[in-house]
Amino acid sequence: QEVTRSWRLPTLGLWFSSLLNRDDQYRSWLEKGRPKSFWLTGFFNPNGCLTAMKQEVTRKHKGQKWALDDVVYHTEVTNFERAEQIKAPPAEGIYIHGLFLDGAAWSRQAGNLVESQPKTLFVSAPVLFVTGNARKEEERAKKEMFGPIGPYECPVYKYANRTDRYFIFFC
């Protein structure tokens with residue numbers, strides 16, 4: 001019989017490193033307070049973190065009568081290469097780090113995705129700023145900035161196997 005693994009990373013060593021990093025994130029959060037940036041894929045349920053962020057943003061905009069169902073993600077690539085460079089959390093939303101680009105790279109100079117270097121499969125992504133925005137405002141802003149086609153919406157997955165089961169969100 002085939003024995004199924006209880007981990008999704010390619011080796012037990014990577015799984016254990018991931019476990020230690022998750023423990024570090026949770027202990028730091030408990031002892032020092034809310035982190036400036038979240039290691040999104042370190043959560044068992046990263047969608048729960050993003051949903052909680054949307055709830056916070058919706059509450060901050062209750063005077064504008066935002067409804068949680070009408071709030072969508074708004075994502076921006078920051079100039080931070082690593083979470084350690086962040087001095088303070090954003091006033092609204094969250095910073096996320098620890099993501100990788102598969103088959104592409106981020107050009108800081110051009111401010112967009114570019115072809116990855118030959119024989120380089122994965123590249124660290126910069127820190128992302130993720131917040132919520134009212135659906136109509138977000139759609140209007142995207143049309144103004146990117147035209148009728150809109151921007152490329154990059155899927156984010158928890159693991160390298162790109163399936164619906166590990167899909168987190170579009171950024």
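**View 1. Lys65 sits in the loop between α2 and β2.** Helices here are DSSP runs of H or I with at least four residues, strands are E runs of at least two, and both are numbered from the N terminus. This is a predicted model, so local features need pLDDT of at least 70 and side-chain atom pairs count only at pLDDT 80 or more, while totals for chains, interfaces and linings use all residues. Residue numbers start from 1 along each chain as its sequence is written, and side-chain values use heavy atoms, with hydrogens and water left out. Back to the lysine: phi of Lys65 is near 60 degrees, a positive value in a residue other than glycine. Lys65 counts as exposed because its relative accessible area is 73% (buried is under 20%, exposed over 50%, partly exposed in between, with a 1.4 Å probe and protein chains only).

**View 2. Lys119 has a positive phi too, near 65 degrees.** Look for Lys119 in the loop between β6 and β7 (122-124). At 87% relative accessible area, Lys119 is exposed.

**View 3. Glu56 and Arg34 form a salt bridge.** The term means a side-chain nitrogen of Lys or Arg within 4 Å of a carboxyl oxygen of Asp or Glu, and by this rule the count comes to 7 salt bridges. In this pair, the closest N and O atoms are 2.8 Å apart. The partners come from distant parts of the chain, 22 residues apart: Glu56 belongs to helix α2 (residues 46-60), and Arg34 to the loop between α1 (12-32) and β1 (37-39). Glu56 is partly exposed, at 32% relative accessibility, and Arg34 is partly exposed at 44%.

**View 4. Here Glu81 pairs up with Arg108 in a salt bridge.** Their closest N and O atoms lie 3.4 Å apart. This pair links two loops from distant parts of the chain, 27 residues apart: Glu81 is between β2 (71-77) and β3 (94-97), Arg108 between β5 (104-107) and β6 (112-115). With 34% relative accessibility, Glu81 is partly exposed; Arg108, at 47%, is partly exposed.

**View 5. Asp102 makes a salt bridge with Arg162.** The closest N and O atoms are 2.4 Å apart. Asp102 is partly exposed at 42% relative accessible area, whereas Arg162 is exposed at 55%.
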